[in-house]
Amino acid sequence: MTDYSRTSIPSRIENWWLSECLGSGFSGAIYKATHLYTRQVVALKLQDKDEACPTNRYERYFYPILQGGLGMPTLWGSGVDGRWDWLAIDLLGTSLDRLYRQSGKNVMDLRSVCCLAQQIIARLEFMHDKGILHRDIQLGNCVVGPAPHEQTIYMIDFGFSKQYIDPRTKRHIPDSNKPRDFLGNYYFTSVNVHCRGKVPSRRDDLEAVALMMIHLLTPGGLSWVRNGVPKTDHAHTRLKREKQRASPEDLCRGLPSEFEEFLRYCRRLKFAERPDYTRWISEFKELAVSHGFPESDAFVWPPPATPSVHVERNPRMSLPLQVRAEDKDLENAVGALANLALGSRQILGERDVNENTPRTAEGAAAKPKPSNPKDDAVVVVSSDSENEQPLTPAIGARMPKAVHLASLARKVPSTTDNAALSKLVLEFWQVFVSSRSRALTKEGFSFLDALYKQLSDPSVYVVPMRTSRSRGQQHTENAEVLDRAAKMNELLKLRIDVGKASNNKALAKMVADFGSVIDKSNGRTLTKDALGFLEGLAARLRTLE
Ligand SMILES: Nc1ncnc2c1ncn2[C@@H]1O[C@H](COP(=O)(O)OP(=O)(O)OP(=O)(O)O)[C@@H](O)[C@H]1O
């Protein structure tokens with residue numbers, strides 16, 4: 001195995017003078033280097049030309065295709081000097097992994113994660129539209145840009161990339177069931193590729209983004225990351241089993257529902273399907289905005305202490321609060337807000353995550369073990385601090401969508417007459433009409449549950465409508481996806497029928513049917529007919545007083 005330490009590498013490679021080591025992987029190293037004549041400073045990626053996994057040779061091929069894209073580094077030159085295969089690329093900033101470890105916290109703030117999600121999805125959209133898969137998405141391969149572009153995330157390390165569109169035939173690479181070696185990294189490579197040996201495609205790059213974002217938002221990180229790099233086949237098998245068994249629901253408990261939806265969405269994509277990048281970029285933008293953060297996807301690090309834009313408009317509404325991690329979901333969290341004091345973000349416990357997530361079992365260097373998550377970890381949510389205040393936000397201010405829906409759901413059980421219920425339904429409708437994200441989140445389902453109960457018989461226990469969240473039920477991803485046409489038909493029928501409902505019991509049944517259609521549909525998005533049904537429901541409630 002080649003020794004890539006400073007003492008084993010010459011000070012000069014062609015016309016580049018090497019200085020400090022910026023990072024090293026298991027098959028190469030990156031050095032800061034200065035051109036002897038032009039004084040240009042670059043990152044020089046070095047690899048033994050006889051390396052068993054000659055990734056520099058592949059990277060050299062991909063860079064020219066990606067030149068000019070936002071967040072794509074420039075390749076300034078490349079060659080082979082003696083035994084060294086070298087690439088001279090833009091000298092960029094710190095990797096997300098290192099930057100985050102340096103922060104000394106064990107969970108990342110929601111605003112930063114939303115910005116990262118938007119930017120990294122956009123980078124993948126660019127790469128994929130150029131016909132290239134990254135295939136090694138991990139924190140160490142996302143770096144901040146050089147000054148003055150520190151707020152832009154750059155993608156690096158195309159050593160595992162691949163063209164998924166054949167340049168000659170312009171066709172997508174074929175799927176295959178043949179056994180294949182695992183290619184990717186232990187922590188974020190998709191379940192299909194890592195655990196089931198499937199051929200990577202665009203969906204798998206996106207699933208890695210989803211897992212990475214969930215990892216950042218989870219105090220202590222994803223459970224299979226906490227034990228560090230598997231050093232034996234047995235440990236690797238255990239890691240794969242743990243990854244495969246973790247349901248999106250379990251992984252995302254306590255997080256804004258967009259992350260669970262995104263992971264499910266990635267896993268539902270067909271092998272050759274083009275992901276809807278635009279939709280998910282806007283979902284994460286909307287999520288940030290609904291929590292009172294600015295619309296911009298600029299990655300500001302370290303994160304500003306408070307979401308200044310929202311606070312300026314209405315200081316009462318969206319100050320960040322800390323809720324203990326045991327508070328499993330937002331409903332609980334919002335319910336607990338009355339007992340919480342406003343304050344600045346807590347400094348969280350140390351999380352020691354590997355700088356670069358190692359790739360494949362073979363040849364992966366031993367990395368330091370991350371520490372266990374601290375028990376006092378917290379998740380951060382935004383909400384209005386005074387639960388008893390009127391629901392309507394002050395003019396010019398926007399109440400976060402999740403908080404607004406959760407507080408509407410809490411109002412329903414104490415609302416006994418139809419006219420008042422009608423107003424709540426209208427307000428519920430309004431939240432979606434004025435929001436860029438039409439996804440029915442778990443707070444929305446809680447509202448429907450409460451409404452169903454109130455319209456049928458307030459004394460009965462209601463099994464939560466959102467089937468994926470109800471305990472003891474198992475169903476496959478596919479079973480969740482209702483045929484799009486069937487969904488449209490059912491919603492249209494409900495929209496028409498709601499005006500004819502003869503009593504509250506009939507309306508209750510429609511609310512239940514409505515919830516179930518949305519729950520089973522792709523993305524749980526409220527379509528025009530869905531919104532029409534809600535409007536019709538509010539109108540019918542007024543006339544059934
Ligand atoms: N252009 C760059 N500018 C600044 N730092 C860089 C640059 N490229 C890489 N690095 C640093 O070096 C580390 C390793 O880079 P890279 O992933 O490209 O190398 P590698 O040998 O393929 O590593 P691995 O095998 O672990 O994926 C990065 O995480 C980053 O910290």
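Author: A residue counts as near a molecule or strand if its C-beta atom, placed from the backbone, lies within 6 Å of it. The model is predicted: local features need pLDDT of at least 70 and side-chain atom pairs count only at pLDDT 80 or more, while totals for chains, interfaces and linings use all residues. Residues are numbered from 1 along each chain as its sequence is written.

Reader: Which of the 24 residues around the ligand come nearest?

Author: The shell around the ligand holds 24 residues. Those that come nearest are G23, G25, A43, L92 and D157.

Reader: Which element gives the most residues to the shell around the ligand?

Author: Elements are DSSP runs numbered from the N terminus: helices (H or I, at least four residues) and strands (E, at least two). Two or more residues of the shell come from each of β2 (16-25), β3 (28-35) and β6 (84-90). With 3 residues, the element that gives the most is β2.

Reader: How do the residues of the shell around the ligand divide by class?

Author: Ala, Val, Leu, Ile, Met, Phe, Trp, Tyr, Cys and Pro count as nonpolar, Asp, Glu, Lys and Arg as charged, and the others, Gly among them, as polar. On that basis, the shell comprises 10 nonpolar, 10 polar and 4 charged residues.

Reader: Are α3 and α5 roughly parallel or roughly antiparallel?

Author: The axes (lines fitted to C-alpha atoms over the stretch in contact, with angles from 0 to 180 degrees between N-to-C directions) are the basis of the comparison. Those of α3 (residues 110-129) and α5 (residues 202-217) come within 10 Å and cross at roughly 165 degrees. Because angles over 145 degrees count as such, α3 and α5 are roughly antiparallel.

Reader: What is the make-up by class of the contact of α3 with α5?

Author: Residues are in contact if their C-beta atoms, placed from the backbone, lie within 7 Å. Here α3 contributes residues including L110, V113 and H128, and α5 contributes residues including R202, D205 and L217. By class, the contact has 12 nonpolar, 1 polar and 2 charged residues.

Reader: At what angle do α5 and α8 pack?

Author: The partner helix, α8, spans residues 257-268, and the two axes are 9 Å apart. The arrangement is roughly antiparallel, since the angle is about 155 degrees.

Reader: Which residues of α8 make the contact with α5?

Author: On α5, the contact involves R203, L206, E207, A210, M213, I214 and L217. By class, the contact has 9 nonpolar, no polar and 3 charged residues. The residues of α8 are F259, F262, L263, C266 and R267.

Conventions: Parallel < 35°, antiparallel > 145°, perpendicular 65-115°, else oblique. Contact = placed C-beta atoms within 7 Å.
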